Amino acid sequence: MARARSDRFALGALVLMVLCPGSAAADPVTLSWADLRANRPASCAAFLDNYLNQPKCAQQAGSARLLSRRYEACAPGTEGLDGVAVRIAGYAHPLEFEFRDVKTFLLIPPLRQDCNHPPPPLPDQVIAVDFPDGLDVSADPVWVTGVLRLQQSKTHLATTAYTLQAMTVTPANIPDVSGGD
């Protein structure tokens, strides 16, 4: 009887892994920031190009505040990534002015280097991360591994198209962050 129960448990675990490929048991898929923006509507191309290529950062920041709803609609995230175990490199940005044992933070790609205060990235380029183990945040990039959800989140810093329940956060190299973009 114990063997039959064990066999049913093993079969149940196998079915769960097949039906829930994004579960923690699955090997994570390594993503680039380009993968997160794969579903941008073609009708938004000119609008987003104008935002991303404005020569003056102040105009871009003002545009981001005034047109935030349109940016959210034009940067909805990639549905096929919802519930998938992923690994992505980026920069951890704390939500508050705390840098030790940070349990929630935003993961972002490299920002524009020609601005003193760059505007926030588009929503499909920001991930709200929950990491119960806590992280000491520095200026160095990190690899974050966990289950990605297509779930909008708003903070005082940025709107995100994704949330991620992190299992691990490890150091990354700068080329890892921008690779594939």
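C74 touches R40, P41, C44, F47 and L48, with residues up to four places away in sequence not counted; contact here means heavy atoms within 4.5 Å. The model is predicted, so local features need pLDDT of at least 70 and side-chain atom pairs count only at pLDDT 80 or more, while totals for chains, interfaces and linings use all residues. Residues are numbered from 1 along each chain as its sequence is written, and side-chain values use heavy atoms, with hydrogens and water left out.

C74 sits in helix α5. Helices (H or I, at least four residues) and strands (E, at least two) are DSSP runs, numbered from the N terminus. The relative accessible area of C74 is 2%, so the residue is buried. Buried means under 20% relative accessible area, exposed over 50%, and partly exposed in between, with a 1.4 Å probe and protein chains only. C44 is buried as well as C74.

The structure holds one disulfide, defined as a pair of cysteine sulfur atoms within 2.5 Å. C44 and C74 form this bond, with an S to S distance of 2.1 Å. C44 lies in the loop between α2 (33–36) and α3 (45–52), and C74 in α5 (residues 68–74), so the pair ties together parts that are 30 residues apart in sequence. The C-alpha atoms of C74 and C44 are separated by 5.7 Å. The torsion about the S-S bond is about -65 degrees, so the disulfide is left-handed.

The largest pocket holds about 430 Å³ of space. Its lining has 21 residues, of which Y91, A92, H93, I108 and L111 are the closest to the centre. A pocket is found on a 1 Å grid over the protein atoms alone, as an open set of points where a 1.4 Å probe fits, with protein on both sides within 12 Å along at least five of seven lines; lining residues have an atom within 4 Å of a point. The volume is the space filled by probe spheres set on the points, which are joined across faces, edges and corners. β2 (85–94) and β3 (102–108) each supply at least two lining residues. β2 gives the most, with four. The lining comprises 18 nonpolar residues, three polar and no charged. Ala, Val, Leu, Ile, Met, Phe, Trp, Tyr, Cys and Pro count as nonpolar, Asp, Glu, Lys and Arg as charged, and the others, Gly among them, as polar.

T163 lies in strand β6 (residues 159–171). T163 is buried, at 16% relative accessible area. Its contacts beyond four places in sequence are I127, A128, V147, L148, R149, Q151 and S153.
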